[in-house]
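Trainee: Hi! Could you walk me through this structure? I'm new to it.
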Amino acid sequence: MTGGILAHEFMHAWLRLQGVSRLNPEIEEGICQVMGYQWLDWFEAVDPEASSSRSEKAQFMRNLKKTFKGEVENMLDGAYGDGFRDAQWAVSRYGLDHVIRHIIRHKTLPRE
């Protein structure tokens, strides 16, 4: 969970380093939530114990990641919840690199 939170916060910092400011909160929090969410997916994929071990610790970690991801997916808050779902849709449709470049240039998510 800490890694997911750090990925989210690092995305805020990275956007500032790119000169991006004054984004709509749904855009900024949404893409930051996507980064945290994707970090959890990545961590699960590269941690062999996380996916195969039956140990109590491994099961606890799987449940924790599942819970955290579920909270992100189902959050009701506009900036964090709707923003995440909109950004996640854009990333699944156009790819992360394209979406981030679009946010930097236009301060919006790409739309059809």
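Mentor: Happy to; we can start with the overall picture and then go through some side-chain pairs.

Trainee: Great. What kind of model is this?
Mentor: This is a predicted model, where local features need pLDDT of at least 70, side-chain atom pairs count only at pLDDT 80 or more, and totals for chains, interfaces and linings use all residues. Residues are numbered from 1 along each chain as its sequence is written, and side-chain values use heavy atoms, with hydrogens and water left out.

Trainee: OK. How many helices and strands does the protein have?
Mentor: There are 6 helices and 0 strands, and the pattern along the sequence reads α-α-α-α-α-α. Both kinds of element are DSSP runs numbered from the N terminus: helices are H or I with at least four residues, strands are E with at least two.

Trainee: And what box do the C-alpha atoms fill?
Mentor: Roughly 45 × 25 × 25 Å, taken along the principal axes. The accessible surface of the protein is about 6,900 Å², and carbon and sulfur atoms hold 54% of that. Those areas come from the Shrake-Rupley method with a 1.4 Å probe, and for residues only the protein chains shown count as cover.

Trainee: How much of the protein is buried?
Mentor: Buried residues are 38% of the 112 residues. Buried means under 20% relative accessible area, exposed means over 50%, and partly exposed is in between (1.4 Å probe, protein chains only).

Trainee: What about contacts between residues 24 or more positions apart?
Mentor: They account for 57% of the contacts in the protein with a separation of 6 or more. Contact here means heavy atoms within 4.5 Å.

Trainee: Switching to charges. How many salt bridges does a search of the whole structure find?
Mentor: The search finds 3 salt bridges. The term means a side-chain nitrogen of Lys or Arg within 4 Å of a carboxyl oxygen of Asp or Glu. As background, side chains of opposite charge can pair when their charged atoms come close.

Trainee: Which residue does Arg16 pair with?
Mentor: Arg16 has a salt bridge with Glu28, and their closest N and O atoms are 2.8 Å apart. Arg16 sits in helix 1 (residues 2–17) and Glu28 in helix 2 (residues 25–46), so the pair ties together parts that are 12 residues apart in sequence.

Trainee: Is Glu28 buried or exposed?
Mentor: Glu28 is buried, at 7% relative accessibility.

Trainee: Nice. Where does Lys69 come in?
Mentor: Lys69 meets Asp41 in a salt bridge, 2.3 Å from N to O. Asp41 belongs to helix 2 and Lys69 to helix 4 (residues 56–74), so this pair ties together parts 28 residues apart in sequence. Lys69 is buried, with a relative accessible area of 15%, while Asp41 counts as partly exposed at 32% relative accessibility.

Trainee: What else is Lys69 in contact with?
Mentor: Leaving aside neighbours within four places in sequence, Lys69 is in contact with Tyr37, Leu40, Asp41 and Glu44.

Trainee: And which residue forms a salt bridge with Arg85?
Mentor: That is Asp82, with the closest N and O atoms 2.9 Å apart. Both residues lie in helix 5 (residues 78–94), 3 residues apart, about one turn of the helix. Arg85 is partly exposed at 32% relative accessibility, and Asp82 is partly exposed at 33%.

Trainee: New topic: how many aromatic pairs are there?
Mentor: The structure holds 3 aromatic pairs. In one of them, the ring centres of Tyr37 and Phe84 are 5.1 Å apart and their planes are at 50°, so the pair is tilted. That pair links distant parts of the chain, with Tyr37 in helix 2 and Phe84 in helix 5, 47 residues apart. Tyr37 is buried at 9% relative accessibility, and Phe84 is buried at 3%.

Trainee: What counts as a pair, and what does tilted mean?
Mentor: Rings of Phe, Tyr and Trp (its six-membered ring) pair if their centres lie within 6.5 Å; planes under 30 degrees apart count as stacked, over 60 as edge-to-face and the rest as tilted.
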